[in-house]
Amino acid sequence: MKTIFVNEQEAVRNWYVIDAAGKPLGRVAAKAAAVVRGKNKASFTPNQEMGDFVVIINAEKIEVTGNKFLGKMYYHHTGHVGGLKARTFEKTLERDGTAPLKEAIKGMIPHNRLGRRLMNNVKIYVGSEHPHTAQNPQPLEV
């Protein structure tokens, strides 16, 4: 029996919208990463961009459990000696409401060229308005 491969240009790409208000950060990120990667399709291929587009609204209203709101830290390094910078979840959310979700999804997809291309298929917005109504995104439950 011959394996059937779907070409990236011939793949059917759907649009989904996730309302993140009041939902746990990890669950929203895991669902979005799986859909963007294409793992919800029978034609999933690990080395191709076969996934769908995901629009996430109300990113600033994401929830975290326990003491993570004040205790969870986000780190980055400037590249200089002693250049490790740290910011709490609260400060990160205050500065950019989309950053925690973006970092969580980025950590769940491959760390290579494919992963960088897949991140372009995730659209995260603060508030309930988004400019992708023409694509008619279907609601996706988490």
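Q: Which residue in β5 does Ile 56 stand opposite?
A: Ile 56 stands opposite Ile 124 in β5. This is a predicted model, where local features need pLDDT of at least 70, side-chain atom pairs count only at pLDDT 80 or more, and totals for chains, interfaces and linings use all residues. Numbering starts from 1 along each chain as its sequence is written, and side-chain values use heavy atoms, with hydrogens and water left out.

Q: How many bridges join β2 to β5?
A: Three, and the strands run parallel. Strands pair here if DSSP finds at least two bridges between them. The strands themselves are DSSP runs (E, at least two residues), and helices are H or I runs of at least four; both are numbered from the N terminus.

Q: And β1 to β2, how many bridges?
A: Five, again with the strands running parallel. Val 17 is opposite Val 55 in β2 there.

Q: What's the strand order in the open sheet?
A: β5-β2-β1-β6, four strands with parallel pairing. β5 (122-124) and β6 (138-139) are at the edges with a single partner strand each, so one side of each has no neighbour in the sheet.

Q: Is β2 largely enclosed or open, and why?
A: Five of its five residues are buried, so β2 is largely enclosed by the rest of the structure. Buried means under 20% relative accessible area, exposed is over 50%, and partly exposed is in between (1.4 Å probe, protein chains only).

Q: Which way do the β2 residues point?
A: Phe 53, Val 55 and Ile 57 point one way, Val 54 and Ile 56 the other.

Q: Switching to helices. What's the angle between α1 and α4?
A: About 50°, with the axes 9 Å apart. That makes α1 oblique to α4. For the classes, under 35 degrees is roughly parallel, over 145 roughly antiparallel, 65 to 115 roughly perpendicular, and the rest oblique. Axes are lines fitted to C-alpha atoms, for helices over the stretch in contact, and angles run from 0 to 180 degrees between N-to-C directions.

Q: What do the buried residues of α4 pack against?
A: α1, β2, β3 (73-77), α3 (89-95) and β5. Contact here means heavy atoms within 4.5 Å. The buried set in α4 is Ala 99, Pro 100, Leu 101, Ala 104 and Ile 105.

Q: Now β3 and β4, parallel or antiparallel?
A: Antiparallel, over five bridges. His 76 has Lys 85 in β4 as its bridge partner. β3 and β4 form a hairpin with six residues between them, and Gly 79 in the turn has a positive phi of about 100°.

Q: What about Asn 136, buried or exposed?
A: Asn 136 counts as exposed, at 53% relative accessibility. Asn 136 lies in the loop between β5 and β6, and its phi is also positive, near 50°.

Q: What does Glu 60 touch?
A: Leaving aside neighbours within four places in sequence, Glu 60 contacts Leu 93, Gly 97, Val 126 and Gly 127. Glu 60 counts as partly exposed at 26% relative accessibility.

Q: Last one: how many helices and strands in the protein?
A: Five helices and six strands. Of the 142 residues, 41% are buried.
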